Amino acid sequence: MKKGDYFLEKDVLQSKLYFKEAEDLVLKDDKVNYAKVLRYLGSVTYRTGDYTESLMYYMDAKKVFEALKDTASVADLYLREGRVYKYLNENKRAIENYRFAVDLALKINDSTLTGRCYTSMAGSFRRLRKIDSSLFYYDKALKIFRRTKNELRLSNVNNDRAILYAFQNRYDKSLEVHLNNIDFIKKNHSKRNVGITYFNIGYSYYKLKEYKKSLAYLDSSEVIAKDEGFKYRLSKVSDIKSKILYKLKNYEEAYQYQVYYKKYSDSIFNLKKQRQIKELELKRDFEVKKRDLEILANKKEIKLRSYVVTTVLILFFFIIIGFLLWRDHKARSKRIEDKFEKEKLKKEILAQKIKVSESELRGLIADNTMRLEFIKHLSKQIKGDKDDSSSDEVKNYANVLLLKLQNQINTENKLSSLQEKINEVNQGFDQFIINKYPELTKTEREVCTFLRLNLSIKEIASIRNSSIDSIKSLRYRIRKKMKVPKNQELEWFIQNL
């Protein structure tokens, strides 16, 4: 393989022999070297104009590099395939390959490979006579090679730009660029590129009708093309030389070169080769579709697995949620049960308190009855003493005292009927007050009950055996805790609860 590489720029036919030998010797298990040999053979057959063989080698090499996941090599082979299509005048197919190559080159951040792709893409657009697109991609390539200071690639782009000038019939400009570039190409480029440049110079001189200069450069291009076995270039040289010789009235030699042109063209573009190329393209398309179907099948399998995993996870999630909800329900049921028991206990305690309060109230009413009887008896006695007295002063004092006792008797009579009224009014009221205003004390709740019966402050003070100021203070605290509006009476507010 090293010998083949050595002779590639010196003797392409000798190089081909060494690479064929390497193909026989390399082990198929050694995939890297096997793919490299195939790529070299593709390059050799490309140089000699055997484009069907070249495509076959490039496609086989690309298949191996794809299996090896060598992105750089796959991108390079897309570029090489595109160049083969370009020489077969399949420029749209060539551009398609260049685009694949660019995508991969950008993915691995290979600026040199990207620039090479842009240069080749510009050449195919030039052949399609899409000049704006061609200039666009030449400019992109120039920016890359200027940034990387790659003089060799810059000279390639400039050479291609010179060919574009010829397409625009600017032959003087094309000649200027080629002639300025030829010395650099001779020193730094392959013989093949030197031969191509000679041809382009000869073509421009031909268009400018400087036939002798044109023939000189075309002869040099022909010599190199024969050494290289470059059939495509030989066909082009033969065509132009035939036309020049005809114009120079050298009809015999012109005819001979026309025969050469047909011979070389037929060896490249005959129907059999075209069928072989179509077969290769169909084979490649089939493999691409097969690979796409495999990828699609894998995606579907992955998608199905993800669905299964997702379904299992969702079921597991629902089980967990169900368990947590069941546990929460049990906990809430237990809390409700505990709360019910506490409320039940509170009611029992409250019932006991009510019984005690009723007992105290009955005692209070009994005391009140005894006090009422005593006051009545005292009133009779004072009245009798007043009638027996002759003193006006004693009589006046007795009258005042009797009036006060009568008022007390009226109050005591009210208190006597209080038990029934309290029982009637207080049905559920005390519990309602506890629920609505839990901050009220027991004493404050009792006062609320008396206010609901519309008792006066004096009457409540008498019942509770408290001072009037104490009852007023209790009223103030009740009003504040109940948040009674200032414009409302406390009694009215409580009676409307």
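Asn454 is exposed, with a relative accessible area of 56%; exposed means over 50%, buried under 20% and partly exposed in between, using a 1.4 Å probe and protein chains only. This is a predicted model, in which local features need pLDDT of at least 70, side-chain atom pairs count only at pLDDT 80 or more, and totals for chains, interfaces and linings use all residues. Residues are numbered from 1 along each chain as its sequence is written, and side-chain values use heavy atoms, leaving out hydrogens and water.

Neither is a glycine, yet each has a positive phi. Helices here are DSSP runs (H or I, at least four residues), numbered from the N terminus.

| Residue | Phi | Loop | Relative accessible area |
|---|---|---|---|
| Asn454 | about 65° | between H19 (442-452) and H20 (457-464) | 56% |

Asn91 sits in helix H6 (residues 91-107) and is buried, at 5% relative accessible area. Leaving aside residues up to four places away in sequence, Asn91 touches Tyr85, Lys86, Ser124, Arg127 and Leu128, where contact means heavy atoms within 4.5 Å.

Now for a helix pair. The axes of H11 (residues 191-207) and H13 (residues 231-247) come within 11 Å and cross at roughly 25°; axes are lines fitted to C-alpha atoms over the stretch in contact, with angles from 0 to 180 degrees between N-to-C directions. That makes H11 roughly parallel to H13, a term for angles under 35 degrees. Residues making the contact include Phe199 and Tyr203 of H11 and Val237 and Ile240 of H13.

Notes: Helices (H or I, at least four residues) and strands (E, at least two) are DSSP runs, numbered from the N terminus. Angles under 35 degrees count as roughly parallel, over 145 as roughly antiparallel, 65 to 115 as roughly perpendicular and the rest as oblique.
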